[in-house]
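The following paragraphs guide the reader through selected parts of a protein model. Please keep the structure in view while reading.

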Amino acid sequence: MRRIEAQPAPEPGHDPAEAGPDPELSLALDQLGDEDREVLRLWAWEQFEPREIAPVLDISVNAATLRLSRAKKRLAKAMAGQSAPSSGHRQVEGTQESR
């Protein structure tokens, strides 16, 4: 059985949120546009619902919901693109790679 060791106490004045997300997430977020990053941060970090995001971005609740949905899909695609293992096959010009 593996023993779990206690983590050292954080330094006074240290904010864990300032440590930043994991490197893969940071890379994926960097691939997104400013609007996508903004709506995702309001939703994920601030825990805002679309009805709370809407007035912050000066858009309708419907637009906030749609923007959040699209941003989540783009983030998932960016994350999947980073971690997709190479199959060892190369695409030959004039052919399509199957997945």
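In helix α3 (residues 50-57), the buried residues are Pro 50, Ile 53, Ala 54 and Leu 57. Here helices (H or I, at least four residues) are DSSP runs, numbered from the N terminus, and buried means under 20% relative accessible area, exposed over 50%, with a 1.4 Å probe and protein chains only. These four residues lie on the same side of α3 because they cover an arc of only 110 degrees around the axis, the arc being that of the directions from the helix axis to the C-beta atoms. Arg 51 and Pro 55, on the other side of α3, are exposed. Just after α3, a positive phi of about 60 degrees is found at Asp 58.

The model is predicted: local features need pLDDT of at least 70 and side-chain atom pairs count only at pLDDT 80 or more, while totals for chains, interfaces and linings use all residues. Residues are numbered from 1 along each chain as its sequence is written, and side-chain values use heavy atoms, leaving out hydrogens and water.

Attention now turns to helix α2. Asp 36 belongs to this helix and is buried, its relative accessible area being 8%. Not counting residues up to four places away in sequence, Asp 36 touches Ala 71 and Arg 74, where contact means heavy atoms within 4.5 Å.

Arg 37 also lies in helix α2, which spans residues 34-44. With a relative accessible area of 16%, Arg 37 is buried. Once neighbours within four places in sequence are set aside, Arg 37 is in contact with Leu 29, Asp 30 and Leu 32.

Key:
Helix = DSSP H or I, 4+ residues; strand = E, 2+ residues; numbered from the N terminus.
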